[in-house]
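Entries follow in the sequence in which I looked things up.

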Amino acid sequence: MAPTLPAARLHRVSEQPTSVAVVIPAKDEAQRIAATIAAAATIAGVDLVVVVDDGSSDETSTVAREAGAEVVRHDRNQGKGKAMQTGAAYVARHESTPHALLFIDADLEGSAVETGALVAPVVSGAADMTIAVLPKQKSAGGGRGFVVGLASRGIERATGWTPTQPLSGMRCLTRPAYEAAQPLAAGWGVEVGLTIDVLRRGMTIEEVPCELHHRVTGTGLSDQLHRLSQYRDVWRALAVRRVRAALRRP
Ligand SMILES: O=c1ccn([C@@H]2O[C@H](COP(=O)(O)OP(=O)(O)O[C@H]3O[C@H](CO)[C@@H](O)[C@H](O)[C@H]3O)[C@@H](O)[C@H]2O)c(=O)[nH]1
Ligand SMILES: O=C(O)[C@H](O)COP(=O)(O)O
């Protein structure tokens, strides 16, 4: 006799997405975006690849379209969080059946295919969101751990869970998990916001090692300014969530 599944479990399985939409936020990525799209398109279950050109001043849109992606363009730069939001809204407008959302960065090139490992736990219902854990990168980065530390401690304080790589942007999630984090935190706060919001809803996260390679942030002035923006956005995402938690307390 077939084992009897609890009703809640049956209901959940029937809601699981079977297809996957890849969403790639991209700012000035003309050099790398074509290889990233080509690799992402080969992941099992992927039937839509959306690139959100976040106000690039290079040929990102043209290159992405030629590589076979659907392209949405922000006329002016709005930051990574907004770009992800625009991409997910595009998917919602164009899907006839629910898709899992696979967010990946534009600079992964061929290694983007490895993000396929993020899909199975979400499609099977084992996790509501998966997060890629990256190996040590070929070239050394120039960070001192300030942003990563702020993000890690903030997530831990808010949820009790300590992420391995709190800023990792390669994530696969169900639409309900995505909705749990609405509106997405702005800019570089988006990953921290997603993690806290999904866990606070009682949903589950699984970390998945993926052999990904990307452009690392170095030690120059623009790299340090980039870290400063990351710090500001992560701080804001945490502050908003601290206030929300305080307001919910009786
Ligand atoms: O205004 C922007 C800036 C960047 N991007 C895109 O966002 C992605 C990540 O940007 P990147 O310059 O690679 O940032 P990193 O500092 O290398 O990113 C690390 O840290 C970020 C959080 O701070 C995460 O989003 C990334 O996944 C993680 O690799 C790339 O596809 C960019 O093209 C935008 O869409 N809009
Ligand atoms: O280089 C990095 O990993 C990010 O920009 C974060 O910088 P951090 O090392 O200062 O946390």
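Entry 1. I listed the residues where helix H8 touches helix H9. On the H8 side I found Val 192, Gly 193, Ile 196, Asp 197 and Arg 200. On the H9 side they meet Val 234, Ala 237, Leu 238, Arg 241, Arg 244, Ala 245 and Arg 248. I sorted this contact by class and got six nonpolar, one polar and five charged residues. I note that the model is predicted.

Entry 2. I then took the axes of the pair. H8 and H9 (residues 221–248) come within 9 Å of each other and cross at roughly 25°.

Entry 3. The axes of H6 (residues 146–159) and H8 (residues 190–200) approach within 10 Å, with a crossing of roughly 15°. That angle makes H6 roughly parallel to H8. I logged the crossing of H6 and H8 as right-handed. From H6, the contact takes in Ala 151, Gly 154, Ile 155, Ala 158 and Thr 159. From H8, the contributors are Val 192, Thr 195, Ile 196, Leu 199 and Arg 200. By class I have six nonpolar, three polar and one charged residues for H6 with H8.

Entry 4. In what order do the strands of the open sheet run? I read S3-S2-S1-S4-S6-S5-S7, seven strands with mixed pairing. Strand S3 (70–74) and strand S7 (205–209) are the edges, each pairing on one side only. From one strand to the next, the twist averages 20°.

Entry 5. I looked at one pairing within the sheet. Strand S1 (residues 19–26) and strand S4 (residues 99–103) run parallel and are joined by five bridges. Val 20 is placed opposite Ala 100 of S4.

Entry 6. I checked what lies against this part of the sheet. Helix H4 (residues 80–94) lies across S1, S2 (46–54), S3 and S4. Relative to S2, H4 runs at about 140°.

Entry 7. Last, I consulted the record. An unreviewed UniProt entry annotates residues 22–139 as "domain: Glycosyltransferase 2-like". I computed 27 Å between the end C-alpha atoms of that span. Residues 22–139 are 30% helix and 25% strand.

Technical notes
Residues numbered from 1 in each chain as written. Chains lettered and ligands numbered in written order. Predicted model: local features only at pLDDT ≥ 70, side-chain atom pairs only at ≥ 80, totals over all residues. Heavy atoms only, no water. Axes fitted to C-alpha atoms, helices over the stretch in contact; angles between N-to-C directions. Helix = DSSP H or I, 4+ residues; strand = E, 2+ residues; numbered from the N terminus. Parallel < 35°, antiparallel > 145°, perpendicular 65-115°, else oblique. Left-handed = near helix turned anticlockwise from the far one by under 90°. Contact = heavy atoms within 4.5 Å. Nonpolar A, V, L, I, M, F, W, Y, C, P; charged D, E, K, R; others polar. Pairing = 2+ DSSP bridges. UniProt positions renumbered as here; feature names shortened; annotations may be inferred.
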